[in-house]
Amino acid sequence: MSVEIGKPAPDFTLPKAGGGTVTLSALRGKKVIVYFYPKADTSGCTKEACGFNDALPEFEGVDAEIIGISKDPVPALNKFAAKYGLTFTLASAKDDDTVERYGAWVEKSMYGRKYMGIDRSTVLVDEQGIVRGLWRGVRVPGHVEAVLAAAQKG
């Protein structure tokens with residue numbers, strides 16, 4: 001399964017850094033940026049997370065929530081958030097199929113070895129829970145700005 005622009009975003013309830021859970025459908029009435037990243041506290045994932053964190057005032061200005069999802073366990077997310085002062089939601093899909101349902105679990109290759117992992121990708125969900133933006137195979141430079149521009153438009 002995957003997500004498509006113009007279709008409802010698959011709902012999820014995931015444990016989050018700091019305790020408790022986050023449920024996509026509970027955020028109806030707000031825009032939600034759901035982004036998938038391979039591993040907390042790695043260089044690319046840190047740059048992306050810090051970029052979203054630095055842009056939080058602009059995202060809040062368009063009534064948008066940010067949720068970063070990886071398969072890291074919650075203790076790793078807590079450490080990641082504390083180390084870099086991340087104040088948006090980090091959620092763990094360690095024991096859940098959310099990454100797969102969003103089409104972000106893909107075959108990757110490194111040094112000729114194939115393995116399954118998270119494709120750095122982002123989904124913009126509108127106030128009614130409909131997918132309005134979709135980025136796959138994300139390169140970090142300029143990505144936060146592109147997502148913010150899309151959130152500001154719609």
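Accessible areas here come from the Shrake-Rupley method with a 1.4 Å probe. On that basis, the chain in this predicted model exposes about 7500 Å², and carbon and sulfur atoms supply 52% of that area. As for what's tucked away, buried residues account for 45% of the 154 in the chain.

On to the fold. You get five helices and nine strands, and walking along the sequence they come in the order β-β-β-α-α-β-α-β-α-β-β-β-β-α. The chain is as compact as a globular protein of its length, because its radius of gyration is 14 Å, close to the 15 Å that the globule rule gives for 154 residues. Take the contacts between residues at least 6 apart in sequence: 64% of them join residues at least 24 apart.

Charges next: there are 20 positive and 19 negative side chains, with the centres of the two sets 5 Å apart.

| Core | Size | Residues include |
|---|---|---|
| Largest nonpolar core | 26 residues | F52, F59, F88 and L90 |
| Another core, apart from it | 21 residues | V3, A9, L14 and V123 |

In the largest core, F52, F59, F88 and L90 are the residues with the most contacts inside it. Elements giving two or more residues to this core include β3 (31-36), α1 (43-54) and α5 (143-153), and α5 gives the most, with five residues. Zooming in on L90, and skipping neighbours within four places in sequence, its contacts include P15, Y35, Y37, L77 and F80.

Technical notes:
Residues are numbered from 1 along each chain as its sequence is written. This is a predicted model: local features need pLDDT of at least 70, side-chain atom pairs count only at pLDDT 80 or more; totals for chains, interfaces and linings use all residues. Side-chain values use heavy atoms; hydrogens and water are left out. Helices (H or I, at least four residues) and strands (E, at least two) are DSSP runs, numbered from the N terminus. The radius of gyration is taken over C-alpha atoms; the globule rule is 2.2 Å times the number of residues to the power 0.38. Buried means under 20% relative accessible area, exposed over 50%, partly exposed in between (1.4 Å probe, protein chains only). Contact means heavy atoms within 4.5 Å. Lys and Arg count as positive and Asp and Glu as negative; His and the chain ends are not counted. The place of a charge is taken as NZ of Lys, CZ of Arg, CG of Asp or CD of Glu. A nonpolar core is a set of buried Ala, Val, Leu, Ile, Met, Phe, Trp, Tyr and Cys residues joined through side-chain atoms within 4.5 Å.
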